[in-house]
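Subject: Structure handover and findings

Dear colleague,

Please find below the structure that I am handing over to you. My notes on what was found in it follow directly after.

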Amino acid sequence: MQNDPELNGKYLGTISKDFVVVAETLREASYQVRKRDISKYPIFVFSRAEVPIGGLLLAKEELALEWHVYASYLEDFIKHRLVDPEKIEDFQAAYKDPDEFCCLFVVDGENFTNFVFIPYPED
């Protein structure tokens with residue numbers, strides 16, 4: 001898979017639109033993953049098609065979204081070889097405060113995958 005270093009407008013607009021709808025659900029899911037000691041590094045997968053990563057949290061049809069949302073975490077990404085075991089420390093160093101930012105892994109077909117951190121809306 002080829003990684004694009006920046007999310008271009010094609011993705012940013014639709015992801016942001018869907019993120020606003022699901023942000024509170026993702027914030028709560030992130031909190032539960034950390035509280036239950038499942039992982040310190042929750043990751044939410046945004047994908048237009050079904051993917052075998054994590055568990056389906058929100059199907060796009062449920063809320064009229066453009067993206068399916070899956071809940072996962074760093075250790076699952078390592079198991080699926082989406083994060084190289086030699087790059088774990090780099091990932092952990094780049095990971096932003098999960099109380100303030102949501103870690104998304106955006107998947108669009110075979111051509112695009114990228115991590116992005118989006119700040120949760122302020123109350």
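Leu57 belongs to strand S2, which covers residues 55-58. Please bear in mind throughout that this is a predicted model. With a relative accessibility of 29%, Leu57 counts as partly exposed, because the buried class ends under 20% and the exposed class begins over 50%. Once neighbours within four places in sequence are set aside, Leu57 is in contact with Thr25, Leu26, Ala29, Phe44, Val69, Tyr70 and Ala71. One of these, Phe44, is 13 residues away from Leu57 in sequence, and the two C-alpha atoms are 8.9 Å apart in space.

Leaving aside neighbours within four places in sequence, Phe46 is in contact with Ile15, Asp18, Phe19, Val22 and Leu26, among others.

Ser47 lies in strand S1, which spans residues 42-47. Is Ser47 buried or exposed? Ser47 is buried, because its relative accessible area is 2% and the limit for this class is under 20%. The side chain of Ser47 reaches the backbone oxygen of Ala49 at 2.6 Å. Apart from neighbours within four places in sequence, the residues in contact with Ser47 are Trp67, His68 and Val107.

Ser16 counts as partly exposed, at 31% relative accessibility. In sequence Ser16 and Ile118 are 102 residues apart, yet their C-alpha atoms are 8.4 Å apart in space.

The aromatic residues deserve a separate paragraph. How many aromatic pairs does a search of the whole structure find? The search finds 9 aromatic pairs. A pair of aromatic rings is described by the distance of the centres and the angle of the planes. Tyr41 and Phe91 form an edge-to-face pair, at 6.4 Å centre to centre and with 70° between the planes. Tyr41 lies in the loop between H1 and S1 and Phe91 lies in helix H3, so this pair ties together parts that are 50 residues apart in sequence. Both Tyr41 and Phe91 are buried. Phe91 also pairs with Tyr95 in a tilted arrangement, at 5.7 Å centre to centre and with 45° between the planes. The relative accessible area of Phe91 is 11%, and Phe91 is therefore buried; Tyr95, at 11% relative accessibility, also counts as buried. One aromatic cluster is formed by Tyr41, Phe77, Phe91, Tyr95, Phe105, Phe115 and Phe117.

Two charged residues are placed over aromatic rings. The charged end of Arg48 sits over the ring of Trp67, 4.1 Å from its centre. Lys96 lies over the face of Phe101, and its distance from the ring centre is 4.9 Å.

Finally, I would draw your attention to two backbone angles. Most residues other than glycine have a negative phi. Asp37, which is not a glycine, has a positive phi of about 60°. Asp37 is found in the loop between H1 and S1, and at 68% relative accessibility Asp37 counts as exposed. Arg81 likewise has a positive phi, near 60°, and is a residue other than glycine. Where is Arg81 placed? The place of Arg81 is in the loop between helix H2 (74-79) and helix H3 (88-94). Arg81 counts as exposed, with a relative accessibility of 67%.

Yours sincerely

Technical notes
Residues are numbered from 1 along each chain as its sequence is written. This is a predicted model: local features need pLDDT of at least 70, side-chain atom pairs count only at pLDDT 80 or more; totals for chains, interfaces and linings use all residues. Side-chain values use heavy atoms; hydrogens and water are left out. Helices (H or I, at least four residues) and strands (E, at least two) are DSSP runs, numbered from the N terminus. Buried means under 20% relative accessible area, exposed over 50%, partly exposed in between (1.4 Å probe, protein chains only). A polar contact is a pair of N or O atoms within 3.5 Å; within protein, one must be able to donate a hydrogen and the other to accept it, and residues adjacent in sequence count only if both atoms are side-chain atoms. Contact means heavy atoms within 4.5 Å. Rings of Phe, Tyr and Trp (its six-membered ring) pair if their centres lie within 6.5 Å; planes under 30 degrees apart count as stacked, over 60 as edge-to-face and the rest as tilted. A charge sits over a ring if NZ of Lys or CZ of Arg is within 6 Å of the ring centre and within 35 degrees of the ring normal.
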